[in-house]
Structures are given as structure tokens and as C-alpha cells.
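Please view the sequence and the model together.

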Amino acid sequence: MFDIAVLGGGPAGLTAGLYAARAGYRTILIERGFAGGQASTTDKLENYPGFPGGVGGPELMMAFEQQAQAFGLEEKYGEVTAVDFARRVVAVDGEEISARAFILALGAKRRELGIPGETENIGRGVSYCATCDGAFYRGKRVAVIGGGDTAIEDALYLARFAQVTLIHRRTELRARGAAVQRAKENPAIDWMLGRNVQSIHREGGALRLDFKEGESLGVDGVFVAVGTVPQTEFLRGALEMDAAGYILAGEDTSTSVPGVFCAGDCRKKPLRQVITAASDGAVAAYMAGRYLEEN
Ligand code: NAP
């Protein structure tokens, strides 16, 4: 029996693990993929305080993990498939792990467009991670779909070695700030605004994107960056969440179930960044500790 089980190993979970372990609680962190979550697939963070020149996402996340490990955080790699908070257990690849309190730091994953030709071409030209797959497109033509911060950052990253077309459904970008200006000034990025991709077709070794507006574009790869969805499907019915699947918890990270706390991108909140995830993780560990002392 652990004192605290943290589900998810992104910046929220790693920070919760650091705080909980450092406070002396026997803490286990369960992660199905690799530590660091989405932040580990970010080339460079320019707005995480303390790094005037920016910091690499994988580098920062590795440091988060090492720091938590140094305080005795235990880690288990596996997928949580079911929870029974009444019995205080979670099922990880068929094995039950018991804890007195839980911190849900499940993060979010990239949203799919849901158009014909998308799923069929994942790994064959369609990608959701520019920093993971961008290097395959050196000297090639790629499209980035989306108008938020992720799309702009993906376009800037890919423009280092590929010719990029940024496609957004509206004529106005959602992203704001210095990165947008840099992208606008980058000669390797051109823009197709007010365009909706309605299907993706394979043509030889390349892809053709057809637009609702009637045109089409040939590219070697397409990077989809149209937002994120929380990874909370398996929790449906276990605690309160909104229609989109974000867990309802206030700034104190308490969920509708006593002893269960929520941190990071899977929580309903206005700003999803590494720093707000880390902040949630610290609060959740503190609140879980308080819960354990009171119960
Ligand atoms: P986002 O801000 O939700 O933007 C998603 C973009 O995709 C929007 O432009 C949206 O269009 C478009 N979109 C959504 N569904 C679509 C569809 N079915 N077809 C075509 N386009 C679609 O998502 P994000 O860029 O991944 O960012 C997520 C969060 O992380 C945000 O809070 C963002 O600020 C933050 N973030 C911050 C940084 C940073 O500060 N450095 C970097 C990355 C991400 P509309 O605009 O028309 O809705």
C-alpha cells in the first residue's frame, strides 16, 4: 500500500511526485509512455522561468524526473486501465496498485482532425509530433494544420529544414505573441488561411490535401496541431468531469471524490502550460498530504 499514487508522468505528475516524496510519503508514479509527457516532445520552451535562453523540453523533463527520483519517488511503467477509488486501487496492466490517496495527472493528447485519409496515413506522412517526426522531412514540403501556439511552434521548428505551409481554418490565428511574428517573417513558411482540409489522399510517395474551398495541396508530410483532448476516457463515471472530459477540480485540485486530486492539463482550467502543470502538481501533493494527515 502506497501513501500516494500519481497517475501520469508529465510535469504535473513529476512535480507532485517530487513534493510528495520529499514530504516523506511513500509515493509511486505510474506512466505508460515516457516521463515528461507532451513537454518532452517540445523542442524548446521559451516561457519557463529561469532559462533566459530557453530550455529544451526533453532536457527540462529529464531534470524534473531526476529531482523527483533523488527524493525517493518510485516509478512504474504501465497503463492504468481502471480505477476503483472506493477500494483505493487502480489496475495497471492487470495488476492492482493500492494507495491511500491519488493524484490524477493524466495530461492531454493531440486531437485528431477526424477526416478521411487521416488515420490511414498515420506514420505514412501524417504526424501529430513535429519534434518526433520532423527530421524525416529534411528538404521536403510539409503542411502544419492549426492556428494555435502549437501549430506556430511546429511550423517554426519544421522551417529549419523543410518548406512549410501553415493551414488554418480561420483567417485570424489563435496564437499570439513573438513566435507568430517570427513565423510571419520566416521565408520557409507560407500561409493558407481560411482553408479547411476535408480529406487526405495518398499519391505515390506523397500526400494530397483537398480543401472544402475547392483547391488542393501536395505535400510530403502533414503535421496536425489542432488542439488537445484530455486522457480521461477510462475515468468516465468515476468522478465529475465536463463534457469534453476535463476533470472538475478547483485551484486546490480537489476532485468530487475525497482523497483524489487532479493536476495539470487534464484539469479544467484556463491556462495549460508546463508552469501551471507544475504548480498544480505541487498543490495536489500538498493537499493529498493534508488529506492523509486528517484521515
Ligand atoms: P489550441 O490553442 O486549442 O489551438 C487549436 C487550433 O486548432 C485552433 O487554431 C483551432 O482553430 C484549430 N482547430 C481545432 N479543431 C480544428 C479542426 N477540427 N480543424 C481545423 N482546425 C482546428 O491548441 P494548441 O495550439 O495545441 O495549444 C494548447 C494549449 O497549450 C493552449 O493553451 C496554448 O496556449 C498552450 N501552448 C502554449 C505554448 C507556449 O506558450 N509556448 C506552446 C504550445 C501550446 P480556431 O482557432 O478556429 O478555434
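What percentage of the contacts in the protein with a separation of 6 or more is accounted for by residues 24 or more positions apart? Such residues account for 57% of those contacts, a contact being heavy atoms within 4.5 Å.

## Basis of the model

This is a predicted model, in which local features need pLDDT of at least 70 and side-chain atom pairs count only at pLDDT 80 or more, while totals for chains, interfaces and linings use all residues. Residues are numbered from 1 along each chain as its sequence is written, and side-chain values use heavy atoms, with hydrogens and water left out.

## Overall form

The protein contains 6 helices and 17 strands; these are DSSP runs numbered from the N terminus, with helices (H or I) of at least four residues and strands (E) of at least two. Its radius of gyration is 20 Å, close to the 19 Å that the globule rule gives for 295 residues, so the protein is as compact as a globular protein of that length. The radius is taken over C-alpha atoms, and the rule is 2.2 Å times the number of residues to the power 0.38. Along the principal axes, the C-alpha atoms fill a box of roughly 65 × 40 × 30 Å.

Of the 295 residues, 54% count as buried. Buried means under 20% relative accessible area, exposed over 50%, and partly exposed in between, with a 1.4 Å probe and protein chains only.

## Annotated span

The unreviewed UniProt entry carries the annotation "domain: FAD/NAD(P)-binding" for residues 2–281; such annotations may be inferred rather than shown by experiment. This span is 20% helix and 29% strand, and its end C-alpha atoms lie 18 Å apart.

Helix α4 (residues 149–158) is mostly covered, with 7 of its 10 residues buried. Among them are Ala151, Ile152 and Tyr157.

Thr15 belongs to helix α1 (residues 11–22) and is buried, with a relative accessible area of 6%. Leaving aside residues up to four places away in sequence, Thr15 touches Phe64, Ala278, Gly281 and Ala282.

## Positive phi in two loops

Most residues other than glycine have a negative phi. Asp93, however, has a positive phi of about 45 degrees. Asp93 lies in the loop between β5 (89–92) and β6 (95–104) and is exposed, at 55% relative accessible area.

Thr253 also has a positive phi, near 65 degrees. Thr253 sits in the loop between β16 (228–230) and β17 (260–262) and is buried, with a relative accessible area of 0%.
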